[in-house]
Structure formats: structure tokens, C-alpha cells
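Subject: Structure for you to look at, with notes

Dear colleague,

I am passing on the structure below, and my notes on it follow directly after. Please read them with the coordinates open beside you.

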Amino acid sequence: MTIPRFWREIKQRYKGIGVECGNCQRVYFPPREVCPHCRRESIGKMKERELTGKGKVITYTEIHEPMSDFKMMTPYIMAIVEMDEDVRMTGQLVDIEYEDVEPGLEVDVTIRRLGEESPSGIIYYGYKFVPIR
Amino acid sequence: MKSSKEVGIKGYAGYVPRYRISPTEIGEVWGKDGARMGKGLNIQSKSVPSPDEDVISISIQAAKWAVKRAKLRGEDIGAIYVGSESHPYAVKPTATIVAAAVGATPYLTAADYEFACKAGTAAFQTCMGLVASGMIKNGMAIGSDTSQGAPGDALEYSAAAGGAAFIIGADDLIAKINYTTSFTTDTPDFWRREGQKYPSHGGRFTGQPAYFKHIAGCTNVLFEETGTEPDDFDYAVFHQPNGKFPVKIAKKMGFTMEQIGPGLLVPRIGNTYSGAVPLGLAATLDVAEPGSRILVTSYGSGAGSDSFDIEVTDRIEEIRERDVPSVEDVISNSVYISYAMYAKFREKIDRGEW
Ligand SMILES: [Zn+2]
């Protein structure tokens, strides 16, 4: 990932800011320019919407062959989470053991290190999920 | 030092990573009696950050919860100061990333603070000044660390991770800060040179002329200038590099175990450095009642102390219901790891080139 691209996406990565269609009130994350449901009628009506960060695990899997940034945490869990706003987000699920995860598990968004460019490069931070206890 | 306008705390939260290691487990690796070491330090376990946690992520978690608890929006925060001795970047402020994460950017002032373990309380005082002068409405002071001791060094048994964030303002206070004092000298008890991974310490020099002298000096001047004594306070929080020092100084100054109990976290989580006093204060606020008075004295090597006379208001009850975990909730969610896992988490294993 390049620094400019990362920097442009900071709002979504740190704050979980999606968009809401002003026509049908559906929420999208990551943000879209146009509502796929309302199409032309949504133009100019898509507005920023900060997600609560809370949701439930829909499905999850344990990853054993990681990308290099995740080597330190292997094996790790990736989950698809249905957010309270009825939108799905995919992310790493941390601070829980694989055998304790189940569909419906309530989770919250947290900000963690996602990786780094290099030992002397920029550090990337972004959202992951933690169980609500 | 008394501010010309009433200032205090509007919201707060603490965060401690989930992993723990015991002194016994550490001692086993280095051929030491870890259990005895732990007993001597009064530390049963210390917190260990996960590989994806650092001072920035810990500060962000505490900051987000504190903002939520105070029912503020990011843009309501006019200043953010993060005190730490383990900022991930040597150059690039932690405070900028925390500010972006809570949505406070771009119209705020921000900086990182360093003063060993008291950088967090130095941030308190700066925010108090900015709020009292009317320059900002709300400021955020954070103390947070992921400090390390060299493998096998005595510090390895205590150096832990955690942090807490406080929002300082003039209205909607959950606790008033009545008074603050500071006590600063040039004392070489503990230091880390630029570029060194682990700190150095002056051995026995760290006790009497450093910790005890500064904490007593700072607290006594607060007593004198406010006309108070230990009995006037319901709770007290002292810096806690281990479990022995704060108990010893409390007794010496005339405080009881009941007064320091709620804020004494070091036996369970270790020394969280800049996070220690802020976390101890957060845990104390979690159990305090309206009208409770709390004495707080931090200590930072090098050396200095900051004391605060804090008085809890009725509003404390309201903000407890706001969907933010208490320090106890956070700390009790823990799991022990082996020394091997700990060495991997803390990057003590040379991985060569990946
Ligand atoms: Zn729509």
C-alpha cells in the first residue's frame, strides 16, 4: 500500500466512516459514490455516516498462511461482521482464541497496527474487531 | 498552583492489553527465583501488548472511550497531549494519530510529552492551563506506555503496557481539580539514551533520593498550600513502579491501604510507566462516590512529581452508564502467555530478514 492511498483512506480506517443514502437510508462501507439500489436518485444525496463500530460475527476463518504483515500473529482469525447499521465489514478478530468464536459473537471495532512499510517506514493503523465482554 | 477558573475532568477511560506473564515464568528462563522476585516487587503478573498494539493503539482506545463517556464529539477537543517514553515514532507525534482517530483534526493543538513516568500528569497540567485561560474548551491528556526491560534485567519483571485518557474542561465536570503542585530536580536515577532499546538505571539510587524524595516533597507542598492532610482524602494514587514503593510511601505519609487500594493496579498488571498514575486514577474514579476526594502524585525519573487534589462531583454517576468498560472490566479480561510467546510479542527474537 502506498502512503498517499493510505492517507486518503484514513477516515474510513480510523473512524469507520461510511455513507448513508439519503433516498433509502441504506448504509455502505467502504463509502460509495452512488447507492446501487437507488442509482440516479441517490446522486448528491450520499452523506457521511459514522458507524457505531458494534456488530455481530456472521462467519469467520482461521488463517495459517499469512501475508507478511500478519506473520507475528499467525494463526489469526478473519471475520465478516454484520454491523448494527446493517452493513458488512471484513476484518481481523483479535483478543480471542479461535475455539471461543461463534456466529453471533458481539464485537466492537478497535484500532490496531495493521503493518508497516519497513522497519524505518510508516506504520499503518486501522480497524480490527475485539469481542465485547 | 491553583487555576483562576474552575477546571476538572469531564471524561476518562483506561486500557490495558489482554496478555499477562508471571514473574515465575520470567525467572525460569534466567535461572532466577521468579516467584520470590515477584513477591519482593509485589507483582503477580504484568501486562504484555499483543504484536499489533503499541502506545498509539493503546492511546486511541483510551481516547475513544473517554470522548464517548464525556459525550463529546472529536471536534470539541482543542488540544491533545500524549505522555509516553515508548512512542512508536522518534519523529512523528503519537498525538496526531490519536487526534485523527477521535476526529479532532485539524483545528486543535497537539504534541507528545516525555518525562519518564510522569509525562501523562504533565499533560494534565498543560490542559488545565489552556482550559483555565479560556484558550480551549476541552483538552485531552493521555499517559500511555509499552516499556521494556532488557531481557534478564530486574526491570523485565515489572515493565508493562497500558494507558489512560482524560478530558479536561471547565463545564460538565465529573471531578474538579482543586489544586496541583510540582516538584522537579536534576536526578540521574533512570534514563535511556537516544537510539538505545532498553533503559539504564542507577540501581539503589532509584529509591530514596528519587521516588520517595520527590513524591513526599510534592505531596507535602500540596498539603501545606491547601491546608490538607491525609485524612482529608478518601483515596490516594501514587506512582507504582512496583507494588512495594507506593505502599511504603503511603504508610510513611499517613495513608491507609483502604485509601490506596482501588488505585493500586501494579500487583496485577505491572508497571505501566506513564500509564500507571492515570490508570490508577481511572480505577479510583470508577469506584468513587460524589464528594470523594482523591490525592494523586505521579513520579517521573530524571526527576519530578506532580500532585493533584481532585474532588468528585455528582455527575460521576451519570457517565458510568455510558457503555464504556471500567478499568476492572478491562483488567479482568486477561490470559497468561509463556516466555517464548512473550519474547515473540515483544520482538526479543531476532527474525533476520523476512
Ligand atoms: Zn439508496
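B:K10 has a relative accessibility of 5% and, because the cut-off for a buried residue is under 20%, it counts as buried. Its partner is B:D171, and the two side chains meet in a salt bridge with 2.8 Å from N to O. B:K10 belongs to strand β1 of chain B (residues 8–15), whereas B:D171 sits in the loop between β7 (161–169) and β8 (175–184) of chain B, so the pair ties together parts that are 161 residues apart in sequence. B:D171, at 33% relative accessibility, counts as partly exposed. Please keep in mind throughout that this is a predicted model.

A second pair within chain B also links distant parts of the chain, namely B:D286 in helix α10 (residues 276–287) and B:R69 in helix α3, which are 217 residues apart. The closest N and O atoms of this salt bridge are 4.0 Å apart, and both B:D286 and B:R69 are buried. Over all chains, the count of salt bridges comes to 22.

Still in chain B, helix α7 (residues 245–253) has B:F245, B:P246, B:V247, B:I249, B:A250 and B:M253 as buried residues. The buried residues of this helix pack against α6 (207–226), β11 (235–238) and α8 (257–260) of chain B. After α7 of chain B comes B:G254, which has a positive phi, near 100°.

Along the principal axes, the C-alpha atoms of chain A fill a box of roughly 45 × 40 × 25 Å. Chain A has 133 residues, of which 45% count as buried, and its accessible surface comes to about 7500 Å², with 49% of that belonging to carbon and sulfur atoms. Among the contacts in chain A with a separation of 6 or more, 48% are accounted for by residues 24 or more positions apart.

If its neighbours within four places in sequence are left aside, A:L114 is in contact with A:R13, A:D69, A:F70, A:Y124, A:Y125, A:G126, A:Y127 and A:K128. A:H37, by contrast, is 77 residues away along the chain, and its C-alpha atom is separated from that of A:L114 by 32 Å.

How many residues of each chain take part in the contact between chain A and chain B? On the side of chain A there are 22 residues, and these are in contact with 27 residues of chain B. The size of an interface is often given as the accessible area lost when the parts come together. Here the area buried between chain A and chain B is about 2200 Å², and carbon and sulfur atoms give 53% of it.

Across this interface the rule finds 14 residue pairs in polar contact, with both residues at pLDDT 80 or more. The elements that give two or more residues to the side of chain A that touches chain B are α2 (10–15), β7 (106–116) and β8 (123–131) of chain A. Of these, β7 of chain A gives the most, with four residues. By type, the residues on this side of chain A divide into 10 nonpolar, three polar and nine charged.

The rule also finds six salt bridges across the interface of chain A and chain B. One of them is formed by the side chains of A:R113 and B:D54, at 2.8 Å from N to O. In another, B:E53 is joined to A:R112, and the closest N and O atoms are 3.3 Å apart. This pair crosses between chains, from the loop between β3 (46–48) and α3 (55–69) of chain B, where B:E53 is placed, to strand β7 of chain A, where A:R112 is placed. Both B:E53 and A:R112 are buried. These two residues also belong to a network of salt bridges that links A:D95, A:R112, A:K128, B:D52 and B:E53.

With best regards

How values were computed. Residues numbered from 1 in each chain as written. Chains lettered and ligands numbered in written order. Predicted model: local features only at pLDDT ≥ 70, side-chain atom pairs only at ≥ 80, totals over all residues. Heavy atoms only, no water. Contact = heavy atoms within 4.5 Å. Buried area = accessible area lost by both parts, 1.4 Å probe. Polar contact = N/O pair within 3.5 Å; in protein donor to acceptor, adjacent residues only side chain to side chain. Nonpolar A, V, L, I, M, F, W, Y, C, P; charged D, E, K, R; others polar. Buried < 20%, exposed > 50% of the residue type's maximum accessible area, 1.4 Å probe, protein only. Areas by Shrake-Rupley, 256 points an atom, 1.4 Å probe, with all protein chains shown as cover.
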